[in-house]
Amino acid sequence: MPDTSSGTMGGSSAFVVSAKKRRMQQIMKMTGESLLFLVASFVAVVVLFIFYFVARDAIPFFQLRGFAEFFTSTNWYPADEPGEFGALAIIYGSGMVTLGSALIAVPLGIAAAICLSDVLPFNIRQYAKPVIEMLAAIPSVAYGFFALVIFAPLLQNFGGTILMWTWWVIAGPFLVLAVVVLGDMVTAGEPDEAKRDRKRLLMNGFFSVLALGLLYWVGNTLNAIQIMSGTNALNVSIILSFMALPTIVSVSEDALQAVGRELREGSYALGATRAETLVQTVLPAASSGILAAVILGIMRALGETMVVWMASGNSSQIPDPWFNYLDSIRTLTAATIAGDMGEADQVTGSARYHVLFAMGLLLLIFSFVSNFISERVVVRQRKILSGQ
Amino acid sequence: MNIGTRKLLDRSFTAVGFTSIMLMALALLAVLVPIITGGIKALYFQGTVEHRTLLFNEFQRGDEAKLAVDAERSEAARKPVYEYLAAFDTELESLPFERKRALESEYHHVRDTLHELLGPLPGDTPPLLLRFQYGVTRWEKAEEELHNLLYMTKWDYSDPTKMATQYFAPRVDEFTGTSLEGLFGYVEEHLEEMLLPQPEFYWGFITDRSLDAHIFGGVWAEIQGTFYLAIGAMLFAFPLGVIAAIYFTEYAKDNYLTSMLRSANSTLAGVPSIVFGLFGLAFFINTMKVSESKSVLAGSLTLAIMILPTIIRAAEEAILSVPKTYREASLGLGATKWRTIMTVILPAALPGIITGGIISLGRAAGETAPIIFTAAVSVGATIGIADVFTEPTPALSWNIYNLASEHEAANEIRHVQYGMVMALISIVLLLNISAILLRARISQKLKG
């Protein structure tokens with residue numbers, strides 16, 4: 001920290017300043033600094049205000065209706081007289097798309113971050129970074145428009161085929177890899193080399209048949225699926241994962257870079273390949289930073305409004321069966337807060353108006369807690385890494 | 001494990017990394033390409049004579065003499081159509097009741113479609129809404145309408161085990177033997193002469209006001225509203241953010257209070273955008289009463305709060321990246337701390353600070369959720385700069401949502417929606433690209 005008193009007064013006799021002038025300077029500096037402090041603390045004041053004003057309008061709802069209905073009932077009929085305010089299906093919908101987008105974005109994002117920090121040469125990385133930045137910069141309403149007008153009809157008309165090809169493209173290479181690795185692992189105990197090779201070939205053949213069967217069977221099952229409506233949880237999850245990816249990639253890349261050269265070099269010196277170094281040494285060391293990245297990415301998906309509003313179908317129900325991603329859902333942010341406010345606006349003071357703030361409060365608390373956790377986690381990683 | 005397998009695993013690990021980056025690039029392309037190709041159609045398309053008439057009547061734009069010639073030509077080509085209709089009108093009266101009733105609803109459909117194609121038919125009462133006063137303005141729509149005129153959509157229920165399949169039956173079959181029979185063939189052959197399509201570059205899409213709730217006209221009101229909101233937000237957030245960053249980097253002591261302020265900053269960055277909207281409604285409008293109801297001012301304030309953390313972080317980073325030697329040299333020459341900040345550190349950090357500002361500007365322009373309750377209206381005219389304190393405004397982001405999901409004719413005006421999305425994305429991406437270029441120049445300069 002720079003010493004604040006350094007500056008004009010070195011204390012040497014060459015700069016003789018009268019006591020009065022010195023006091024004036026002191027006072028000026030104090031007021032200046034406190035003004036700066038006031039501006040800086042403005043952010044904290046805003047955070048407090050947000051909590052206060054959202055809670056102030058949320059609490060009347062809980063006073064009117066209690067907690068039980070809001071969290072346990074799935075009957076959402078706010079416009080009825082008297083209304084029903086069961087938000088369970090809506091909370092479930094929020095959780096469902098958040099989980100779905102995390103399932104897509106987390107593996108992809110971490111793989112991309114590893115690639116950016118350890119694999120790609122510098123000059124290619126320079127081109128990859130703007131791609132991620134542009135992905136982050138596209139406004140959410142543009143993503144929503146894409147989901148509604150372009151992606152939903154595609155999904156509705158060719159849903160099964162799209163799912164089948166996605167499965168083949170993703171699972172194919174992985175199954176090939178699994179066949180090789182499994183064959184290797186099963187035969188690793190065999191001491192005689194010629195015998196081992198023969199045995200491995202046999203095992204590879206056996207696993208290939210299994211893998212081909214799996215590929216074909218799952219592909220066929222997926223191909224037979226008829227998607228009734230393109231605006232569903234799957235569509236939203238995919239688009240939300242696009243939006244969460246940039247956050248996950250950039251934060252986990254920072255975490256990976258923070259691990260430093262020594263660990264990597266130590267691992268290479270022990271004869272590990274690059275993949276082994278990354279998976280067994282670097283990733284564990286960066287794990288807390290990556291956890292923070294995942295939390296932040298999930299928050300981005302949970303708090304997103306426009307995509308969900310436009311492409312989720314907005315039906316307040318728990319899908320049947322509960323894991324059916326091809327059903328329409330509704331989430332806290334969108335349909336509910338954004339969509340109902342227009343009508344509820346007129347009757348400030350009713351349960352209908354306050355329930356939206358209750359949902360806002362729920363989101364706010366959630367984001368606050370996850371932010372807090374991710375921050376702690378990052379601090380801890382920094383401490384551990386600097387301790388070494 | 002076998003060394004070959006280990007190598008294979010290593011390679012495939014690399015491949016997974018590459019693929020994921022490629023996938024992200026592909027995702028970007030998959031979103032951008034259809035939006036841009038669709039958006040270009042809003043600006044460049046085959047415009048019919050109806051479009052040229054509309055532009056002349058509403059905006060006094062275009063060559064009057066040439067338009068008169070065109071109108072005359074198309075009127076001549078349309079005359080037989082009107083004659084067919086008139087002849088059939090009289091024939092319909094003379095038909096036996098059963099036959100008349102069977103034909104009447106189909107005939108209504110024909111008249112409606114012709115109205116869509118050519119504008120009001122002779123004998124119709126002049127329509128009040130602008131959208132009914134003109135025929136089709138875009139040639140690709142004319143082709144769709146022609147198909148509607150020539151064919152009926154029917155459903156085939158013959159196989160009860162399957163979903164019904166759709167097929168088209170020629171409409172002319174219904175009218176065989178009547179005086180309307182010739183109409184269908186005539187329209188099919190002479191549609192081009194009736195509408196006189198020609199390629200048109202409609203730059204007015206950017207600069208015109210919208211006509212009849214975006215059925216015709218441009219999106220200037222939305223673009224202007226977006227600029228007001230984004231720039232308004234910057235006016236509040238930029239000075240505050242830079243000052244706060246100066247405090248955090250230069251003055252803040254490493255204590256509990258500072259770390260609390262910092263985590264307040266990251267909490268604010270993580271608040272979902274819709275909650276900012278709720279806060280803006282509850283605080284700026286209902287409590288502070290900055291305006292009667294929604295206004296640009298309330299929206300700008302809400303957006304300002306939203307982008308503040310980003311600006312603070314970017315400014316902090318820019319200030320921290322100024323080499324230490326600059327500061328030491330200045331202090332060593334006897335400058336005060338404040339003077340050092342103002343004359344040495346800030347100028348050196350300025351490009352970095354501006355980069356952060358530009359990115360935040362793009363974010364403020366693109367965000368929808370915070371302005372839904374505080375500033376945006378779906379239909380509205382352009383507002384003057386003096387009205388920003390009291391009036392709400394249409395804005396690109398909100399109107400994209402509104403036109404795509406709530407507009408009564410959402411399917412008919414896809415080209416307007418695409419055009420709006422392209423306009424918004426162009427604004428945001430241009431801002432971001434300039435920020436990226438600016439940053440590349442800074443890093444080059446710092447390298448020396």
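This is a predicted model: local features need pLDDT of at least 70, side-chain atom pairs count only at pLDDT 80 or more; totals for chains, interfaces and linings use all residues.

Modeller: The predictor gives the complex an ipTM of 0.89 and a pTM of 0.88. Chain B has a mean pLDDT of 85. In that chain, 99% of the residues reach 70 or more.

Start with the overall form of chain B. It holds 16 helices and six strands. Its C-alpha atoms fill a box of roughly 105 × 75 × 45 Å along the principal axes. Of the 448 residues, 41% count as buried. Among contacts in chain B with a separation of 6 or more, 71% join residues 24 or more positions apart.

Now the annotated span. The UniProt record, an unreviewed entry, places "domain: ABC transmembrane type-1" on residues 223–439 of chain B. That span is 75% helix and 0% strand. Its end C-alpha atoms lie 27 Å apart.

Next, the contact between the chains. Chain B puts in 79 residues and chain A puts in 75 residues. On the chain B side, helix α1 (residues 3–43) gives the most, with 21 residues. The chain B side divides into 51 nonpolar, 21 polar and seven charged residues.

Then the cores. The largest nonpolar core has 189 residues. A:Val54, A:Ala147 and A:Ile239 have the most contacts inside it. Take A:Ala147. Leaving out residues up to four places away in sequence, A:Ala147 touches A:Ala152, A:Asn235, A:Val236, A:Ile239, A:Val307, A:Met310 and A:Ala311. A second, separate core has 20 residues, including B:Val81, B:Phe88, B:Leu114 and B:Leu180.

A:Ser316 sits in the loop between α10 (306–311) and α11 (332–344). Is A:Ser316 buried or exposed? A:Ser316 is buried, because 22 other C-beta atoms lie within 10 Å, and the cut-off for buried is 20 or more. Beyond residues up to four places away in sequence, A:Ser316 touches A:Trp76, A:Ala89, A:Ile90 and A:Arg330. A:Pro121 is 195 residues from A:Ser316 in sequence. In space the two are 48 Å apart, C-alpha to C-alpha.

Definitions and conventions. Residues are numbered from 1 along each chain as its sequence is written. Chains are lettered from A and ligands numbered from 1 in the order in which they are written. UniProt positions are given in the numbering used here, feature names are shortened, and annotations may be inferred rather than shown by experiment. Helices (H or I, at least four residues) and strands (E, at least two) are DSSP runs, numbered from the N terminus. A residue is buried if 20 or more other C-beta atoms lie within 10 Å of its own, exposed if 12 or fewer, and partly exposed in between; C-beta atoms are placed from the backbone. Two residues are in contact if their C-beta atoms, placed from the backbone, lie within 7 Å. Ala, Val, Leu, Ile, Met, Phe, Trp, Tyr, Cys and Pro count as nonpolar, Asp, Glu, Lys and Arg as charged, and the others, Gly among them, as polar. pLDDT is the predictor's confidence in each residue, from 0 to 100. A nonpolar core is a set of buried Ala, Val, Leu, Ile, Met, Phe, Trp, Tyr and Cys residues joined through C-beta atoms within 7 Å.
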